[in-house]
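Please look over the sequence and the model before reading on.

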Amino acid sequence: MDFIDNIEAALGALAGLLWGMPLVFLLVGGGTFFLLYSRFLPYRHLSQSVRLLFRRADPNDPGQLSHFQALSTALSGTLGMGNVSGVALAITIGGPGAVFWMWLSALLGIATKFYTCTLAVMYRGRDSEGEWQGGPMYVIREGLGKRWRPLAYFFGLAGLLGTIPVFQVNQLVQVLRDTIAIPAGLTSNVSHFNFDLTLGVILAALMFIVASGRLQRLGSVTSWMVPTMVAGYLVLTAVVLLSHYAEIPHALAQIVTDAFSGSAVAGGAVGSVIVTGIQRAAFSNEAGIGTEAMAHGAARTKEPVREGLVAMLGPVIDTLLVCTCTALVILISGVWQSGDHDGASLTATAFGELFPVGGATILAVLVSVLSLSTVFTFWYYGSKCLGFLIGARYQHHYIWFYLLLIIAGSVASLNLVVNLVDSMYALMAIPTMTSALLLAPKVNAAARAYFASSRQQ
């Protein structure tokens, strides 16, 4: 146990060091730069983003996924535990004010995703097997040249470690255990290792079934799984919020006022609130992290700007809509103040308090499906990173390591898992944002040409 505790402490110190103000400035300052440099282009064309989702892709265009499948795959990597457990952790650590900084990060993340995902298609490269691939490592290799290649390998390594499924599995097992298994007498709150391990093995088997169909099956699964479960989650939260509508203005005011006072945080440090909000938003919508660019880089299109426009919808759906609903339910319930719950259990307890009948159980089912979609997508991200690092011919072997990680995640410590993922997300952001900032003029030039062409048609 001492060895595990030492690892947990070391990862906690690393995450705290990486998520300092320099990284926050890179993400927030970079997003602000993109927004101003584009003359607010992302906001001016959000309606076009929605229309493009339903545009039929040309089968002769390069790529493997339709616009809708690419967005669904990217969202499947963000929706789920980032929206349920991530928001709960943000409020637990940073207080209600952390949600405000999640909003700000998402508003800037719209512009960030436009640039990073446009570049993911603009600078697609062939892997060692000759297949076209997208993502920050290929953007760096194809767009910045040989002298920047170490930065591409840096992202590949951080991405390989940052997209492991341990957080999603850990929290999925926790919410199923606390809301279904313990009340049903299938396990206990004291001794639940065997239950957790069994559930981990079942999840690994489901992952193997999806992985055997490769990217095409992943895109097909997420294209129906994500919209269906998001709709179900929004219906659940709508029922809760409409039945407590009188308390919504107070919860919103609490978010705004605490964002600048930090009164809910130990020590009252506003800087801690800001960092927590930006950190959890990055985990939620992944704007500037680079994982979303790997999904959108597989879109079947020859117009990079078109895919950048589609990608902008990610932070709107993920953070501004779904995360806000989760935050309001938690704040209205008041259970976050007790300190008895954390992560997904806090959100489940909040729904159980406010929903008339079986709220926590319904949430567990919805979150299970969303979390599984994230686990499926992270396998794709990790295999792409491994393929870039050691050669595409070997990337199919990643599935065996990934299955073991799923089982390990089912019994791992929450703090250890969170600190590991937070550290890797911070490291992924450095090459992703650096390359996007350096290549931003290329995106602007492509956008001018795209919109000029659209007006002439």
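## Model and cavities

The structure is a predicted model. A search of the whole structure finds two cavities of 30 Å³ or more. The second largest cavity holds about 60 Å³ of space.

Eight names make up the lining of this second largest cavity: Thr 116, Leu 119, Pro 136, Val 139, Ala 293, Thr 432, Ser 435 and Ala 436. Sorted by class, the lining has five nonpolar and three polar residues, and no charged residues. Helix H7 (97-122), helix H8 (136-143) and helix H21 (414-456) each supply at least two residues of this lining. The most comes from H21, which gives three residues.

## Helix H8

Is H8 mostly enclosed or mostly open? Six of the eight residues of H8 are buried, so the helix is largely enclosed by the rest of the structure. The buried residues in H8 are Pro 136, Met 137, Tyr 138, Val 139, Ile 140 and Arg 141. Among them, Pro 136 and Val 139 also line the second largest cavity.

Just after H8, the backbone at Gly 145 takes a positive phi of about 95°.

## Helices H7 and H16

Two packed helices are described by the angle between their axes and the distance between the axes. For H7 and helix H16 (residues 304-311), the axes come within 7 Å and cross at roughly 145°. The crossing of H7 past H16 is right-handed.

Which residues meet where these helices touch? From H7 come Lys 113, Phe 114, Cys 117, Thr 118, Val 121 and Met 122. From H16 come Pro 304, Val 305, Glu 307, Gly 308, Leu 309 and Ala 311. By class, the contact of H7 with H16 has eight nonpolar, two polar and two charged residues.

## Thr 179 in helix H10

Thr 179 sits in helix H10 (residues 166-181). Is Thr 179 buried or exposed? The relative accessible area of Thr 179 is 13%, and buried means under 20%, so Thr 179 is buried.

Thr 179 can also be placed relative to a residue elsewhere in the sequence, Gly 352. The two residues are 173 residues apart along the chain, and their C-alpha atoms are separated by 9.0 Å.

Key: Residues numbered from 1 in each chain as written. Predicted model: local features only at pLDDT ≥ 70, side-chain atom pairs only at ≥ 80, totals over all residues. Heavy atoms only, no water. 1 Å grid on protein atoms, 1.4 Å probe; cavity = no way out; pocket = protein on both sides within 12 Å on 5 of 7 lines; lining within 4 Å. Points joined across faces, edges and corners; volume = space filled by probe spheres on them. Helix = DSSP H or I, 4+ residues; strand = E, 2+ residues; numbered from the N terminus. Nonpolar A, V, L, I, M, F, W, Y, C, P; charged D, E, K, R; others polar. Buried < 20%, exposed > 50% of the residue type's maximum accessible area, 1.4 Å probe, protein only. Axes fitted to C-alpha atoms, helices over the stretch in contact; angles between N-to-C directions. Left-handed = near helix turned anticlockwise from the far one by under 90°. Contact = heavy atoms within 4.5 Å.
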